[in-house]
Amino acid sequence: IRDRSAIATAGTNSSIQRVKFYANSVLLGQDTSSPYSFTWANASQGTYTVLAIAYANNGTSTISASRMITVNAPAPPSVSLTQPTNGSIFTGVSSINLTATASAASGATLTKVEFFSGTTKLGEDTTSPYTYLWNSPPDGISTLSAKATDSNGSISTSAAINITVN
């Protein structure tokens with residue numbers, strides 16, 4: 001769970017001035033109009049005790065029952081370099097087409113796939129099918145991989161493959 005919404009019900013009494021929302025005794029935010037809610041964006045992974053406190057115009061307040069929630073890390077995207085295949089040998093080529101398949105976990109979208117030779121970024125593609133035309137690959141053995149990034153900022157790297165260019 002990346003974002004968590006909390007809703008406090010303070011009744012229909014017009015004397016409610018505001019509702020404050022807390023996690024582990026830390027103020028997250030407040031709302032001054034019914035239905036009194038707060039969206040906790042980009043909550044860090046962990047377990048939290050959350051509660052709300054409703055404040056009335058006359059200075060009184062009411063504390064909600066606390067609840068325990070657990071925020072899990074978002075699932076990373078998946079990515080696989082599909083072309084060329086591991087162990088491919090290229091002779092007399094001026095370019096090599098790199099292709100990857102990638103997908104984001106539920107609730108996220110894929111934002112880009114990057115292509116690498118070793119630690120050197122060759123290029124990227126932001127739309128499926130994810131491809132990159134590698135011009136003038138050097139002679140010798142190259143280790144290729146692809147890296148996918150999703151809208152949550154999660155990143156995954158494919159298994160590396162080795163190719164030979166003669």
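Author: Contact means heavy atoms within 4.5 Å, and by that rule Ala75 touches Ala105, Asp150 and Ser154, not counting residues up to four places away in sequence. Before we go on, please note that this is a predicted model, in which local features need pLDDT of at least 70 and side-chain atom pairs count only at pLDDT 80 or more, while totals for chains, interfaces and linings use all residues. Residues are numbered from 1 along each chain as its sequence is written, and side-chain values use heavy atoms, with hydrogens and water left out.

Reader: In which loop is Ala75 placed, and is Ala75 buried, exposed or partly exposed?

Author: Helices (H or I, at least four residues) and strands (E, at least two) are DSSP runs, numbered from the N terminus, and Ala75 has its place in the loop between strand S7 (67-71) and S8. Buried means under 20% relative accessible area and exposed over 50%, with partly exposed in between (1.4 Å probe, protein chains only); Ala75, with a relative accessible area of 44%, is therefore partly exposed. The C-alpha atoms of Ala75 and Trp134 are separated by 30 Å, and the two residues are 59 apart along the chain.

Reader: How should I read Ser158, and with which residues is Ser158 in contact?

Author: Ser158 is placed in the loop between strand S15 (155-157) and S16, and it counts as buried because its relative accessibility is 8%. Leaving aside neighbours within four places in sequence, Ser158 is in contact with Val79, Ser80, Leu81, Ser145 and Ala146.

Reader: Which residues touch the most other members in the largest nonpolar core?

Author: A nonpolar core is a set of buried Ala, Val, Leu, Ile, Met, Phe, Trp, Tyr and Cys residues joined through side-chain atoms within 4.5 Å. In the largest one, which has 18 residues, Ala100, Val113, Phe115, Leu144 and Ile163 touch the most other members. The elements giving two or more residues to this core include strand S8 (78-83), strand S10 (95-103) and strand S14 (140-150). Another core, of 14 residues, lies apart from it and has Val19, Phe21, Trp40 and Ala43 among its members.

Reader: How many helices and strands does the chain have, and why is the chain said to be more spread out than a compact globule?

Author: There are zero helices and 16 strands in the chain. The radius of gyration is taken over C-alpha atoms, and the globule rule is 2.2 Å times the number of residues to the power 0.38. For 166 residues the rule gives 15 Å, whereas the chain has a radius of gyration of 25 Å, well over that value, so the chain is more spread out than a compact globule. Along the principal axes, the C-alpha atoms fill a box of roughly 85 × 25 × 20 Å.

Reader: Where in the backbone are the peptide bonds cis?

Author: One of them is the peptide bond from Ser34 to Pro35, with omega near 15°, and Pro35 is in the loop between strand S3 (26-31) and strand S4 (37-40). The bond from Gln83 to Pro84 is also cis, with omega near -5°, and Pro84 is found in the loop between S8 and strand S9 (89-90).

Reader: What is the phi of Tyr36, and is Tyr36 buried or exposed?

Author: Tyr36 has a positive phi of about 50° although it is not a glycine, and at 6% relative accessibility Tyr36 counts as buried. Ser25, also not a glycine, has a positive phi of about 70°, but Ser25 counts as exposed, at 69% relative accessibility.
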